[in-house]
Amino acid sequence: MSFDVSRLDYGLVTPLLVLLGLVFLAWLLDLMLPERHKSAIGWVSVAGLVVCIATAVPLWGVRADFAGVIRIDEFSVFFTVLFLLTAIGIMLISMEYANRFLPQSGEYYGLVLAGTLGMILMGAANELLTAYLALELLSFSSYVLVSYAKTNLKSNEAGLKYIILGAFSSSLLLYGISLLYGTLGTTYLPDIARSVERLGVGQPAFGVGLSLILAGLGFKIAAVPFHMWTPDVYEGAPTPITAYLSVASKAAGFALVMRFLIGGLLPLRDQYQALFALLAVLTMTLGNLVAIQQRNVKRLLAYSSIAQAGYVLVGLAAITADVAIAQQAVRGMMLHLAGYVFTNLACFGAFIAFQNLNNGREMVADLAGLARRAPFVALTMMSGLFSLAGMPLFAGFVTKFYLFAAAARAELLWLVAIAVINSTISLYYYLLVVYQMYVRTPPGFEAAELDGHGHAVLATVSPAPSLAVAGAVPSLAAAPGGGTVSLSEGGPGTAAGTHNGYGRLGPDGHATHADAAIGHVPADTTGGHGLPGAHGDLGTHAGGPDVPWWRRSITGDMAPERMFPQYRIPFATTAGLTLFLAGIFFLGLWPAPAIDVLQAASQALFAG
Amino acid sequence: MDIAWLAPVLPAAAFFFNVLIARQLGRFKHGVAAAAAIGSIVGAFAVFLVVFLDAQAHLGGPAHAGGIKLAAPSLQEEAELPRRLLFDHIPWFSVGRWDFYTTLSVDWVSIMMLGVVGFLASLIQIYSIGYMRGDNRFWWFFTVMSLFCAAMLGLVLAYDFLLMYMCWELVGLCSFLLIGFWYQERDNAEAAKKAFITTRLGDVGFFIGLAILFLQTNTFRMDEIFEAIDAGRIDPTLVTVAGILVFMGAIGKSGQFPLHVWLPDAMAGPTPVSALVHSATMVAAGVYLIGRAYPLFVASPVTMAVIATIGTITAIFAATIALTQRDIKKVLAYSTVSQLGYMVMALGLGAYTAGLFHLFTHAFFKALLFLGAGSVIHSMEPVLHGTGKSPNDVFWMGGLRRRMPITFLTFVVGSLSLAGIFPLSGFWSKDEILVGALDAGAWVPFAVGLVTAFLTAFYMFRAIYLAFFGAERWRLAVAGSGPVTVAHAAGGGVIALEGPDRDTTARHGAATATVDTQDVPAHLEAGDHGGQGADHHAAPHESPWVMTVPLLIISVPAAIAGWLNIPGVFTAFGDAIYYGEVHHEGLNLAVAAAGLLAGVLGIAVATIMYWKPLLSPVAVGASFPRLYRLLYNKYYFDEMYQWVIDHVVLGISGLAAVFDRKVINEGVVDRPAMLTSRLGYWLRFLQTGRTYNYAFAFVVGILVAGVVLAGFRPDFLQASLW
């Protein structure tokens, strides 16, 4: 444990040092840049993070201890790169959001970077106090970030809850560490492993300490019953931070858990297998069941992320005496975490893009018709949701399959069965979101019809809202020109009832005098179905017969890019979404290279 | 020999070219597609010629004085030559531990079919240029025809059951697409559906049979399967079962009793399709399958008996229906069914060469007949347009021989050949089947064959007399549709040339009499087209050369194809195509005379009934009203099936639907879904929003974790208690 500072190999921690420099650079830039140029910090951060990755990749294959507290091996390099990529993604999807919703956004980027530093350290820590400090670095950045929307009460509430419960859990964790130190006399993971093997676990203090540590870590990974903070905090936090917490913070928690359990407590695997099986069942079942009832996208994704943590816990339960199976389980967990990072970022990235354009709306029903107005965003979100549900072609299928296969090999078929049933349940609420995006008509367009050129002709809002009752009469919106009419069902609260005239969209696809309708038509939260419309002949209206088939919508009735005014998506968002989509499909269609990489990482973990 | 695979590949390439490229060419697509289709099938025919000439030197078979071998190897060499060359090195796909290769076989049977398909498809597609002119899906017709040719040629060459089954289903698909080519009319769409579903019933059996064979031998290759059967490696019972199941495929495809119902309806397709797909080639695939998989069937006497029985029943059963049909294509369709039954019967009786020989000759004269019928319909269509009368109805034709002499002539040649009149091809092949039946000691099939020959001659000449002779009855139809009703002249628009009901015919006696005396009321004579209603109607006229030239060309093999196997004189066909030992039926003069007599008798009866009215068809029909109705309604088979579908199939599906709705949907899906949703609803209340509740959950969690961790080590708990 003793070391000479002058003889440390700083080359091993280059990425950390570069990142540390980047954190201070970001804060420095914040002091110099005017408010309207703050997003430049985001771009600088992205560039710096790329440099970080470039310094981290050469460390692949190195297996060394730094100062006796940080372990550099394939496992930590894998997570380093994963967290850096995550941070890049968060930066890309944050910039527009921060500009719109977060005043004084300068510190924001630095805090995200600092949290990332903490996460990387969590994956690399080989010693419990270092791990604790890394976790606190992440936590404190997160506390600030969650309550960053200072004027938003929900954000404040979320921050307060998070810091109270965070402090609570961190004190439990610290207490657990001290108990462990008290019984074993060391906090260095390899030493712990040796002591446990030699002494066994006769000491009650050890058991209590272990429980406390697991509770503290369970807080980070949001395992039931330590998950309670998640929905409230996720809902209140600025959405990019929700993404950050749900993805990176959780993955970092798992990295630490894996390091701790396998690096330090592998001899005890028979004891904790049952505990993790139980936690897995509770976590995924509760997450999925409650997610069904959610109508708020952020809460829905919060419960979904709880469920996803449950799937990863299945992998922990599969760590058995058979090293081959245990390594496969570890690979499965890492693979699933990697896929989950891209997948969930895709969902959140798309949702943030939506929020940027819709004044921060966050109900599921608000997404209605998104595919018509922002096809790429909707596609990204759909891919993410399908991947979360574990549909083939997408990352989620491959990663879950690999993970559950490990569990099956560990003879935990009952657990796999529960996991599969849970996946099925999850598909339901994911599809609800897809339904809104793809099947429903965008709000304000319920009574829109098509003119001869394939543009949506928008109904304007009636000056007499008392006519809403008339919405039940479809003829109100019947087209004089014999065009296609899309009607909503016309229940109370739907927009159709208030339309009695027609506005025309300009040829550039922007509503000329109908913008008011988009802004003010209340979202249909009563569950009224947007009918596809009274189309006489599919295809003939798909932008006219001169629209080639490959540009026609798969829904057959209209080509979205022609029909409705398109949202403009900023470049940073598009770049981020593309990155996430690439990750989803790369893992979903060609997972072999990733599994090869994980081979080395899992071996390193067991060797460490 | 090595280029045989090109035969199916060329039309397949044309198909893909048409679908991917030609269809993008706007108004040129029709011409380009037709050119590609015809070019490719002519190319395939050229491939056949090359293979055919090449095969002389490479395929063995006993030397015979009558052989047509152009470059005959010496006797010594020839005995050592293989019967067939297999090309099986093209990897197809792998499943698990099985690798599948496509196996193609070049032997005399497949070469014969290559020639038949290539020849007829080329001419029929040229004919189609005229027939389909002006159709707005002209290009699609040729595209599907190309796909059909590719599949059919692939089927012919295939020597593993898997490839054969794939091509088998592909020709079925093309048949479906072509029958429903004019799907805008509901009847045509229904006919296409009926054909597809009915043949599928047989195909299911076929597939199960293949599955049995595959499970027994782990291969789809025919040679290996037959070897296993010969060596007795498969349980004889299973061979019988598999044989009958495979034969079910042939029953469906070749329109054998009781799955024959789709074939007459299939005439809803364009007539060239009827000529190529539904008479000459695709429906013959069933017979071809029997010939191909002959060792499988021969191995089991039971299977052979089943085949012979089905064939015999079909032959006479369909011939009797053809007696009363009014639609010229339906007459031909039932004739096809009947003749296919003939072939199946022959194969079932062991007369391998005879069965395939009849398949060979029948392809030509039946294609010729269909093309002739198409020519007639093509010219009747504009005449009867708008009258509500079907241009296929022979009752509305009459007197066409003067107006369409080429069509008439070729049609008569085809009919004589089909009727088995010496020396046309039908005579030779039919004779051989009858001799084969006699040799097998099968008296019933022999008698049935004779009776069928009689019936065949009768219904063919009935159609000829009605269509080409007598009064020009289409004038009545044209007149009847006009604003001035000529009910008194035309019998209210109903022509009762024959029928089961004496009263009805009596009521329209005047009209019937008028028609039967070959006279048309004076004001309907040529030059005066029956008043206002007919002014815009042209008279029927001969079809364009693009249709008549193929007719003339095909009439040559239709007449003389039978000369390829004249007992004792020239037996090239039998030398090349045989099963086991070469087996030439001697010329049995008695049988030949009997067969010829049956044909002549049939023609004679038709003559006295429909040409010289010595015997009134009305009277004959009215004498046996029930029989007439039974035949006219095709033994009520469609009604029977409809009843079964309505009451049994739909009954079962109704029960299944109730089960699905009540048990599956409500019980297994909705209930758990509701329960899940409800659980989520209740669990939601755990989320109170109060931070101290959350912290309490922590504590519970820690306690549970401690207990679980301890629960597996009692000593841990003990130690903590102490």
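Predicted model: local features only at pLDDT ≥ 70, side-chain atom pairs only at ≥ 80, totals over all residues.
Among contacts in chain A between residues at least 6 apart in sequence, 78% join residues at least 24 apart. Chain A has 608 residues, and buried residues make up 59% of them. Its secondary structure comes to 21 helices and six strands.

**Where the two chains meet**

Now to the place where chain B touches chain A. On the chain B side, 27 residues are in contact, and they face 33 residues of chain A. Three elements of chain B each give two or more residues to this side: helix 30 (637–683), helix 31 (691–711) and helix 32 (714–721). Of these, helix 31 of chain B gives the most, with 13 residues. Sorted by class, the side of chain B that touches chain A has 16 nonpolar residues, nine polar residues and two charged residues.

**A helix pair inside chain B**

Two packed helices are described by the angle between their axes and the distance between the axes. In chain B, helix 9 (residues 236–253) and helix 14 (residues 301–322) have axes that come within 9 Å and cross at roughly 25 degrees. Angles under 35 degrees count as roughly parallel, and helix 9 of chain B and helix 14 of chain B are therefore roughly parallel to each other. Their crossing is right-handed.

Which residues of helix 9 of chain B meet helix 14 of chain B? They are B:Thr240, B:Gly243, B:Ile244, B:Phe247 and B:Ile251. From helix 14 of chain B come B:Val302, B:Thr303, B:Val306, B:Ile307 and B:Ile310. By class, this contact has seven nonpolar and three polar residues, with no charged residues.

**How confident is the predictor?**

For the complex, the predictor gives an ipTM of 0.78 and a pTM of 0.65. Chain B averages a pLDDT of 82, and 86% of the residues score at least 70. Two stretches of chain B with pLDDT under 50 are set out here.

| Stretch of chain B | pLDDT | Contacts in the model |
|---|---|---|
| residues 62–76 | below 50 | 23 contacts beyond near neighbours in sequence |
| residues 482–495 | under 50 | 30 contacts beyond four places in sequence |

Helix 31 of chain B is the element that gives the most to the side touching chain A, while helix 9 and helix 14 of chain B form a right-handed crossing.

Notes: Residues numbered from 1 in each chain as written. Chains lettered and ligands numbered in written order. Contact = placed C-beta atoms within 7 Å. Helix = DSSP H or I, 4+ residues; strand = E, 2+ residues; numbered from the N terminus. Nonpolar A, V, L, I, M, F, W, Y, C, P; charged D, E, K, R; others polar. Buried ≥ 20, exposed ≤ 12 C-beta atoms within 10 Å, placed from the backbone. Axes fitted to C-alpha atoms, helices over the stretch in contact; angles between N-to-C directions. Parallel < 35°, antiparallel > 145°, perpendicular 65-115°, else oblique. Left-handed = near helix turned anticlockwise from the far one by under 90°. pLDDT = per-residue confidence, 0-100.
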